[in-house]
Amino acid sequence: MAGHRRRRGWLAWIGVLVFLRLADLSFVALSPGRRAVSAVLPGPGGAGVRHTTRLRARGDVAAAYELPPLPFDYDALEPIIDKETMKFHHDNHHNTYIQNINKALDGQERPALVELQKAAIQSGTAIRNSGGGAYNHNFYWLGLAPVGRGGEPSDKLAAAIKEAFGSFDEFKAKFEAAGAPGARFGSGWVWLVVKADGQLAITSTPNQDNPLMDGVEGTPGIPILVCDLWEHAYYLKYQYRRPEYVKAFWSVVNWNQVNAWYDDAVMGKAPMAEASVSASA
Ligand SMILES: [Fe+2]
């Protein structure tokens, strides 16, 4: 009986040794299970940019980014934004940015998307375009609501808009002008931001840039409202008439969300833009 137990003990030890050999558990020596690594990512003009990140121990690498579901049905923004556009925009365009940022950070830590934005331009085109595209689209969906479901600007936000732009109508006119093809040629975004001094400003960014990125064109700040100016956002319904789309956009703004983002922004907090929330909240 004792011999049998000894044999079982030896077999267990052999099993453990084989497992350690196969599993390459060298990371267990790292404390607290993380280590700094750096990689050279593609930079502007083909130059490499060193990007340092913290790798988690194997088995604890952050989960891949996921395409968040729309906070409403595909046809919920009709007739302002058509179902077909919403489907292609979310399922194809947005999803491509999510997949590409996952590829760009394969094997590395994947922090909250908002944390990628500040250094995105210096980190190179993969982080800038795919990380920007993933964040911007998350943000865009959350800032939309079906007609009549988005609420109104809070008293606090309305007062700040009046102070910065003269009136709400003036604000809308300036936002629409900044989003017109003559002001933002090609693809991009038009934003309402809270600047470092707490004041509101309208700005636009090219491609998938956003106002959180260091070195971005236009006015940097914490974004609280955005309209996607890429043709894929409106072309099926509005074709070349982008100004008509931006004007119609006001009917589907989720002011409830914008108000909450404004409250955070004046405290210096940028939207995470990752959670899916009810448009009627
Ligand atoms: Fe888009």
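# A guided tour from helix α6

Begin by selecting F165, which is found in helix α6. The model is a predicted one, in which local features need pLDDT of at least 70, side-chain atom pairs count only at pLDDT 80 or more, and totals for chains, interfaces and linings use all residues. Residues are numbered from 1 along each chain as its sequence is written. Helices (H or I, at least four residues) and strands (E, at least two) are DSSP runs, numbered from the N terminus.

**F165 and its surroundings**

Is F165 buried or partly exposed? F165 counts as partly exposed, with 19 C-beta neighbours inside 10 Å. A residue is buried if 20 or more other C-beta atoms lie within 10 Å of its own, exposed if 12 or fewer, and partly exposed in between, with C-beta atoms placed from the backbone. Leaving aside residues up to four places away in sequence, F165 touches E170, F171 and K174. Contact here requires that the C-beta atoms of two residues, placed from the backbone, lie within 7 Å.

**Helices α6 and α7**

Next, select residues 155–165 (α6) and residues 168–179 (α7), which pack at an angle of about 70 degrees with their axes 8 Å apart. α6 is therefore roughly perpendicular to α7. Axes are lines fitted to C-alpha atoms, for helices over the stretch in contact, and angles run from 0 to 180 degrees between N-to-C directions. Angles under 35 degrees count as roughly parallel, over 145 as roughly antiparallel, 65 to 115 as roughly perpendicular and the rest as oblique.

The crossing of α6 past α7 is left-handed; that is, the near helix is turned anticlockwise from the far one by less than a right angle, whereas clockwise would be right-handed. Display the side chains of A158, I161 and F165 in α6, which meet F168, E170, F171 and K174 in α7. By class, this contact of α6 with α7 has five nonpolar, no polar and two charged residues. Ala, Val, Leu, Ile, Met, Phe, Trp, Tyr, Cys and Pro count as nonpolar, Asp, Glu, Lys and Arg as charged, and the others, Gly among them, as polar.

**Helices α2 and α5**

Move to helix α2 (residues 83–104) and helix α5 (residues 125–142), whose axes come within 8 Å and cross at roughly 135 degrees. This angle makes α2 oblique to α5. The crossing of α2 and α5 is left-handed. On the α2 side, select H94, Y97, I98, N100, I101 and A104; on the α5 side, A126, I127, S130, G131, G133, A134 and H137 make the contact. The residues of this contact of α2 with α5 divide into seven nonpolar, six polar and no charged.

**Loops on either side of α2**

Select F72, in the loop between β2 (48–56) and α2. F72 is buried, with 20 other C-beta atoms within 10 Å. The C-alpha atoms of F72 and A145 are separated by 7.7 Å, while the residues are 73 apart along the chain. P79 also lies in the loop between β2 and α2, and a cis peptide bond joins E78 and P79, with omega about 0 degrees.

R110 is found in the loop between α2 and α3 (113–117). With 21 C-beta neighbours inside 10 Å, R110 counts as buried. Select Y65 as well: the C-alpha atoms of R110 and Y65, 45 residues apart along the chain, are separated by 7.6 Å.

**Two positive phi values**

Go to N207, in the loop between β4 (200–206) and β5 (222–228). N207 has a positive phi of about 50 degrees although it is not a glycine, and counts as partly exposed with 17 C-beta neighbours inside 10 Å. Q239 lies in the loop between α8 (235–238) and α9 (242–249). Its phi is near 45 degrees, a positive value in a residue other than glycine. Q239 is exposed, with 11 other C-beta atoms within 10 Å.

**The whole chain and its confidence**

Buried residues make up 36% of its 281 residues. Colour by pLDDT, the predictor's confidence in each residue, from 0 to 100. The mean pLDDT of the chain is 82, and 75% of its residues reach 70 or more. Over residues 13–60 the pLDDT is below 50, and beyond near neighbours in sequence this stretch has 50 contacts in the model. pLDDT also stays under 50 over residues 276–281. Where pLDDT is low, the predicted coordinates should not be read in detail.
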